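Student: Hi! Could you walk me through this one? I'm new to it.
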Amino acid sequence: MSKYKSEVWKYFEKKTNGNAMCKVCGKLLRTSGNTSNLMGHLKKLHKLPSPSETNLKSPNKKEKAMSSYCTPGIGIQNNIDDPEPQTQETANSSNALPSDVSTYTQSPSGSTSTSSSVTEKFMKQPTLEWSLNKISSFSSGGQKHIKITEAIVYFICKDNQPFSVVEDIGFKKLMKEVALLYKVPTRNTIKARILQRYDVVSSNFKYFLKEIEDITITTDIWSEMMTTKSYIGVTIHFIHSTKLCSAALGIFELSKSHSANYIAYELLNILNLWDIPKSKILAVVTDNDSTMLKAIKENFGENKHLRCFSHSINLVAEGSMKKVDGLLDLISKVRNIVKFIKRSVNCSDELRKLQEKDGDNVKKCILDVVTRWNSVYYMCKRFLELKEVVNQIVLKHINAPPMLNGQEIENIKQAVKILEIFEKVTSEMSGQKYATMSLVIPIISCINDNLSTMLPTSRIGVEFKNAITDEMKKRFEFIEKNYLLSVSTILDPRFKNIHFKDALALSKHLRFINSSINSLSSTVEDHLSTDSSDSAAEYGTTDLWGHHKNLARKSIKTYVDKTNLGNQKHLGPEITMYLSTPVSQLKTDPLITWEELKPMYPLIHKLATKYLSGVSTSVPSERLFSCASNTISKTRNRLCGKSASKLIFLNNLDNQFWLLSE
């Protein structure tokens, strides 16, 4: 937004149709071509002096002549929010005088005296008007008071602090040192300001969402142990200015039995609350719970539902471990040793001292969590790293559980090597700042390739590999038939069609893309095309994407894999040309790449920005409940569900939507 002449625009943001929004309270006002109405709003509602009243008198000729030797902001500048007058050290560093110039110091009575020290400055006494303006800016309704209060509101929301933090001794001491003239508001005032901030920000966010065309939502149900209440959490994901943005709509209390009809009813109410029509929903991502599956299928359609990919990977790992005879017993042995060391203070001290003696970095044993399969991987991996030290500790104690022998340790090594693939996949797919819907099919292809190259030697290792291979086939054999995942993969410049194995499914999805392109408006503004330069850097150090890199190198040589392309005769020129070019580097951002390709493929660009806006896991909604656990804590156990939901919304909201009056 361009800068306006009047100082009143520091407090207002210009909107369309001759309206302006107050940055303090969020109210929309008519401007009528001038700022009189806006100045009156500041005076009457916020008790702020109009910008014209805060301007100090212009300096006279003598003051102008001495301005280079005066402390900035005292008696000359009209900024009432300036900090305390400059100290001698600050003044010396900012306005150093030549060594042969004598300086002057003005006494309160107005008389001047020559100083013998060349490092002293001419310091002018602050005017009464400047001092009064400075004090008034820290009083209730003053500009500085508003800024500090808004910063406290931001601090409480973003850091999950209780409202009572403003009444803590340490916080008051801090504010006294930072802003002596500022009076810290009470907890009730802060709570009212937070609710006011929510009303302003949420209304603006609703208005912003009206411009978004495609939205992916993730949802999950969670029970809060402290209040023994159930909540449904909802997050949304969309593209804005070539970036994948996300927001938490909040958590909403469930008061009835969790039937499919009731869950669907509450979910639709949440969307109506935020003015999000069902037509804008691209996909709904949930876990594999049968009730949730039925609720989404009946109200949004089966084609719009995605099962959480991370949850499916979790089921693959857990199901495979149960199928291998003896593997769970080995993991149980490791778990018993870890429990023994962690429960004993002496053993924990011995573990630390032995590592310090060997000059190693001190590491602690990790105990797994029943609900997290990857915690088994972390526990076993750390056990293998500390096995020599752990062995010394176990041998010293008679009541210690038995240590694993050489063959058992080798079995654990091979199991950990296989689980490492799935741990990397889970980490890769759990992000919400980048598109993950287009990663599912390529990453499944890479998992299968990594498994095929592994050659375990022990019985447990071989059986574990075979069990995982069977589970992968069982859960993902027909994954290419899912149109959301397939279309997003094809429209991702990094993958296109190189990972598809089912030629019939690929041909079907290409025809769908072609028909979607034909249905789009043909009036696309022409731009000059620009060549995109790909980064030569490799993507990380992991071998997870090794299979993809091999396919990408082949695609550069052949340009088109005709065996997988399907029937090209019915495809339009844009999609044919797009598939005929090599894939982009794996490290590139597909949304930024599409901005560069927009002049060349204007119709596909519009379709790509739709299908690349989705996520493939319900991890964001699960993180929402972790945030809820921090919000509804022992220090905030009196929070009602609505207040907690508002705090969670503000906590997860990007700063660009906060509209802080800075």
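This is a predicted model: local features need pLDDT of at least 70, side-chain atom pairs count only at pLDDT 80 or more; totals for chains, interfaces and linings use all residues.

Student: How many bridges join S1 to S2?
Tutor: There are 3 bridges between S1 and strand S2, which covers residues 19-22. If you want a spot to look at, find Lys14, which stands opposite Ala20 in S2.

Student: Changing topic: how many residues does helix H18 have?
Tutor: Helix H18 has 18 residues, 459-476. From first C-alpha to last it reaches 26 Å, close to the 26 Å expected at 1.5 Å a residue.

Student: Which of its residues are buried?
Tutor: In H18, the buried ones are Ile460, Gly461, Phe464, Lys465, Ala467, Ile468, Glu471, Met472 and Phe476. They sit on the same side of H18, because they cover an arc of only 165° around the axis.

Student: What's on the face turned away from that side?
Tutor: That face of H18 carries the exposed residues Lys473 and Lys474.

Student: And what covers the buried residues?
Tutor: The cover includes helix H11 (309-323), helix H12 (327-343), helix H16 (406-429) and helix H17 (440-453).

Student: Which residues touch the most other members of the largest nonpolar core?
Tutor: Phe309, Phe422, Phe464 and Met472 do, out of 91 residues in that core. H16 gives the largest share of this core, 10 residues. There is also a second, separate core of 54 residues, with Val184, Phe208, Phe252 and Ile276 among them.

Student: Back to Met472: what is it in contact with?
Tutor: Leaving aside neighbours within four places in sequence, Met472 is in contact with Val316, Phe422, Ile444, Ile447, Asn448, Leu451 and Glu477.

Student: Last one: is Ser486 buried or exposed?
Tutor: Ser486 counts as buried because its relative accessible area is 0%, and buried means under 20%. Ser486 is found in helix H19, residues 483-490. Not counting residues up to four places away in sequence, Ser486 touches Ile441, Ile479, Glu480, Lys481, Phe500 and His509.

How values were computed. Residues are numbered from 1 along each chain as its sequence is written. Side-chain values use heavy atoms; hydrogens and water are left out. Two strands pair if DSSP finds at least two bridges between them. Helices (H or I, at least four residues) and strands (E, at least two) are DSSP runs, numbered from the N terminus. The expected span of a helix is 1.5 Å times one less than its number of residues. Buried means under 20% relative accessible area, exposed over 50%, partly exposed in between (1.4 Å probe, protein chains only). The arc is that of the directions from the helix axis to the C-beta atoms. Contact means heavy atoms within 4.5 Å. A nonpolar core is a set of buried Ala, Val, Leu, Ile, Met, Phe, Trp, Tyr and Cys residues joined through side-chain atoms within 4.5 Å.
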